[in-house]
Amino acid sequence: MVFQKPPDGGWGWVIVVVSFFTQFLCYGSPLAVGVLYVEWLDAFGEGKGKTAWVGSLANGIGLLASPVCSICVSSFGARPVAIFSGFMVAGGLMMSSFAPNIYFLYISYGIVVGLGCGLLYTATVTITCHYFDKRRGLALGLISTGSSVGLFIYAALQRELIDLYGLDGCLLIVGALSLNILACGSLMRPLESSDSPPPEKTCVDKVPDQYFVYHEKEKTVEENISILEKGYVDEKCANSIPDYKQDNVLNKNVLSSINVNEKDTYKKKVVEQTNFCKQLAKRKWQLYLNYWRETMVLFKNKVFSALFVAILLFDIGGFPPSLLMEDVARSANINEDDYHMPLISIIGIMTAVGKFTLGILADIKWVNTLYLYITTLLMTGVALFAIPFARSYLTLAMLSGILGFLTGNWSIFPYVTTKTVGIEKLTHAYGILMFFAGLGNSLGPPIVGWFYDWTQEYDTAFYFSGFCVLLGGFLLLLAALPCWNTCTSQSSKLPPNIYSYKVASSA
């Protein structure tokens with residue numbers, strides 16, 4: 001199907017608004033899960049590492065399943081996927097209110113809500129890209145702030161709902177609010193196809209090798225036909241019985257009068273279809289081989305190899321504060337009366353500021369986006385090392401703001417990936433990197449929680465987190481300094497990828 005040229009406006013701005021609210025509604029609770037995390041610790045009495053799996057799965061499962069999410073949106077369209085995913089998110093949140101144990105939450109909140117968020121993110125990004133071309137960067141930037149604003153508002157909202165209605169009532173109300181995703185999804189009208197239909201492909205274009213395979217195997221076809229004829233005669237002889245009645249003789253005469261040419265044509269078609277299926281299976285296998293071959297070519301790039309290690313370590317160490325900061329404040333015995341704003345809300349609003357600011361810096365010609373990204377990694381590591389020394393609300397609030405701002409480096413990560421592998425390999429490389437980012441999101445909070453369970457304090461846990469982020473930043477810096485120009489020049493000479501791979505990114 002051929003779509004119209006992206007209008008860069010019109011109904012596209014409606015798409016931007018509904019996509020913004022979709023990400024606001026679906027990511028608000030999972031990103032602000034730190035408020036619920038404290039309540040789940042008291043409700044189920046499990047260890048911090050085991051409880052942290054709930055929030056880490058909700059935020060990481062969408063990235064881990066990004067290829068599946070992309071296939072669903074490509075197959076069914078953004079609108080049906082958004083509506084279906086709205087039911088998933090709302091249903092998962094409501095089911096979580098009836099959770100009898102932490103294991104039930106792994107499925108209801110971690111997997112169901114997380115997968116629904118991943119599907120919704122892919123749907124909103126895909127439909128926005130269909131409607132915008134020249135203003136695509138602006139449109140994607142606007143909808144991506146929906147998750148950050150959701151984190152800011154939901155952190156305070158969920159705390160207030162817990163005080164008024166308890167944990168179960170909070171999850172029921174938040175799940176009911178998520179049903180508004182259905183209304184947003186219904187407005188995601190697909191871009192209409194162009195009035196002039198594309199020229200219909202010929203049969204040769206549809207199955208390009210079908211006739212060539214047949215002519216190359218012409219001798220084999222004739223041999224197969226002779227084999228089929230022999231089998232037909234043998235079966236006829238085996239099934240023949242003495243003619244006791246005249247009717248049997250007449251029936252055999254009728255069967256023998258069938259047009260032989262029609263039989264030959266049918267047999268040729270059968271053999272032709274068999275050869276075509278074999279060729280198709282061989283071609284599909286070649287696609288998989290090419291995919292893995294291109295993946296290995298990507299890892300020959302030193303900067304890309306360091307980048308995937310850096311993004312994995314960054315998410316292992318940098319994601320836990322957004323989940324555990326509230327419990328860090330409680331462990332530091334900070335008086336709740338000193339709270340002017342939830343720490344997670346500060347992280348959320350500063351993440352939105354960081355996305356815009358770092359995005360603007362990345363557009364400046366003399367700014368190297370790779371070095372800018374490395375700078376954010378190193379500063380994040382230093383901020384994580386400072387958390388154990390924070391003993392007041394003001395200090396934790398300042399560190400939360402710094403970490404939130406630096407987490408906005410997600411907005412420049414596509415720039416860094418493009419600079420590293422080239423535009424031809426962007427989709428393929430970005431999908432691999434997002435998979436490892438999801439893996440880091442899933443593992444980071446439980447690891448930090450296990451450190452607390454072993455040591456009964458967060459100091460060692462955040463020293464470990466800071467070490468992971470600093471290690472990733474230094475490895476990327478070492479890979480970038482000596483061979484940055486060499487790697488980029490080599491990646492630009494790589495043959496263009498003739499296959500397309502669709503991915504989703506994190507909010």
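Trainee: Leaving aside its neighbours within four places in sequence, which residues is Ile-432 in contact with?
Mentor: This is a predicted model, in which local features need pLDDT of at least 70 and side-chain atom pairs count only at pLDDT 80 or more, while totals for chains, interfaces and linings use all residues. Residues are numbered from 1 along each chain as its sequence is written, and side-chain values use heavy atoms, without hydrogens or water. Once neighbours within four places are set aside, the residues in contact (heavy atoms within 4.5 Å) with Ile-432 are Thr-295, Leu-298, Phe-299 and Phe-304.

Trainee: Is Ile-432 buried or exposed?
Mentor: Ile-432 lies in helix α20, residues 426-455, where helices are DSSP runs of H or I, at least four residues, numbered from the N terminus. Because its relative accessible area is 11%, and the cut-offs are under 20% for buried, over 50% for exposed and partly exposed in between, with a 1.4 Å probe and protein chains only, Ile-432 is buried.

Trainee: Which backbone oxygen lies 3.1 Å from a polar atom of the side chain of Ser-56?
Mentor: Ser-56 has its place in helix α3 and is buried, at 0% relative accessibility. Beyond its neighbours within four places in sequence, Ser-56 is in contact with Phe-319, Leu-323, Asn-441, Ser-442, Pro-445 and Pro-446. The oxygen at 3.1 Å belongs to Ser-442.

Trainee: At roughly what angle do the axes of helix α3 and helix α6 cross?
Mentor: In α3 (residues 48-64) and α6 (residues 102-131), the axes come within 6 Å; these axes are lines fitted to C-alpha atoms over the stretch in contact, with angles from 0 to 180 degrees between N-to-C directions. The axes of α3 and α6 cross at roughly 20°. That makes α3 roughly parallel to α6, because angles under 35 degrees count as roughly parallel, over 145 as roughly antiparallel, 65 to 115 as roughly perpendicular and the rest as oblique.

Trainee: How many residues in the contact of α14 with α17 are nonpolar?
Mentor: The axes of α14 (residues 302-318) and α17 (residues 369-386) come within 11 Å and cross at roughly 30°, so the two helices are roughly parallel to each other. Residues including Val-303, Leu-307 and Phe-314 in α14 meet others in α17, among them Leu-370, Tyr-373 and Leu-384. Ala, Val, Leu, Ile, Met, Phe, Trp, Tyr, Cys and Pro count as nonpolar, Asp, Glu, Lys and Arg as charged, and the others, Gly among them, as polar. By class, this contact of α14 with α17 has no charged residues, three polar and, as nonpolar residues, nine.

Technical notes. A polar contact is a pair of N or O atoms within 3.5 Å; within protein, one must be able to donate a hydrogen and the other to accept it, and residues adjacent in sequence count only if both atoms are side-chain atoms.
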